[in-house]
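Take a look at it first, and then we can go through its parts together.

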Amino acid sequence: RYPRIVGSGSYGVLSKMANDALNKNKIYINDSPDKRISLIHINDVIDANRKTIKETNTGYRIFNICNNANNISLIDLAKKIRGKIGNKINIIVDKKKKILFEPLHIKISNKESLINLNWKAKININYLINETINSIKI
């Protein structure tokens with residue numbers, strides 16, 4: 001199972017926030033700013049899939065392929081984007097315009113993949129944000 005997969009050119013909450021920051025000088029949060037989401041880079045997903053295929057003794061199992069370090073609140077994500085683009089970006093929270101893009105309760109653990117596959121994600125949240133911003137600027 002995977003959380004929200006991101007990469008250069010993908011569309012989702014990260015690219016929406018970065019695009020709004022670059023083009024509107026605003027980041028909109030249409031949900032609870034404390035809501036946490038989990039992000040993983042496509043290259044980490046591919047790496048984990050290859051590792052899973054090579055492990056022939058895993059049997060039928062479900063692994064959470066995620067990056068626990070990339071579990072971040074919407075407000076913290078917005079602040080990180082603002083910090084990379086410029087502090088003049090306004091963050092606007094409007095819970096009335098709620099857009100459901102993630103499950104309400106997200107607590108994914110990658111403990112099984114760490115133990116059984118000896119796998120963990122390599123790409124961190126700062127890289128994800130930088131790559132997204134750079135792909136929008138092009």
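What follows covers the inside of the model, one of its helices, its salt bridges and a surface patch.

This is a predicted model, in which local features need pLDDT of at least 70, side-chain atom pairs count only at pLDDT 80 or more, and totals for chains, interfaces and linings use all residues. Residues are numbered from 1 along each chain as its sequence is written, and side-chain values use heavy atoms, with hydrogens and water left out.

Let's start inside. A nonpolar core here is a set of buried Ala, Val, Leu, Ile, Met, Phe, Trp, Tyr and Cys residues joined through side-chain atoms within 4.5 Å. Buried means under 20% relative accessible area, exposed over 50%, and partly exposed in between (1.4 Å probe, protein chains only). The largest nonpolar core has 22 residues, and Leu14, Met17, Leu77 and Ile81 touch the most other members. Two or more residues of this core come from each of α1 (13-24), β2 (26-29), β3 (36-41), α3 (74-85) and α5 (125-137). Those labels are DSSP runs numbered from the N terminus: helices (H or I, at least four residues) and strands (E, at least two). A separate core of eight residues includes Ala48, Ile65, Leu117 and Trp119.

Now for helix α1. Its buried residues are Val13, Leu14, Ser15, Met17, Ala18, Asp20 and Ala21, and they pack against β1 (4-6), β2, β3, α3 and α5. Just after α1, Asn25 has a positive phi of about 60 degrees.

On to the charges. A salt bridge is a side-chain nitrogen of Lys or Arg within 4 Å of a carboxyl oxygen of Asp or Glu, and by this rule there are four. Here are some of them:

| Pair | Closest N to O |
|---|---|
| Lys16 and Asp20 | 2.9 Å |
| Asp47 and Lys122 | 2.9 Å |

Lys16, Asp20 and Lys24 are linked in a network of salt bridges. Lys16 and Asp20 are about one helical turn apart, because they sit four residues apart in helix α1. Lys16 is partly exposed at 34% relative accessible area, while Asp20 is buried at 2%. Asp47 in helix α2 and Lys122, in the loop between α4 (111-116) and α5, are 75 residues apart, so this pair links distant parts of the chain.

Last, the surface. Tyr2, Ile5, Ile42 and Ile46 make a nonpolar patch of about 310 Å². Patches use residues with over 30% relative accessible area and no salt bridge, with like charges joined within 9 Å and nonpolar side chains (Val, Leu, Ile, Met, Phe, Trp, Tyr) within 5 Å. The areas come from the Shrake-Rupley method with a 1.4 Å probe, and for residues only the protein chains shown count as cover.

Notes
Contact means heavy atoms within 4.5 Å.
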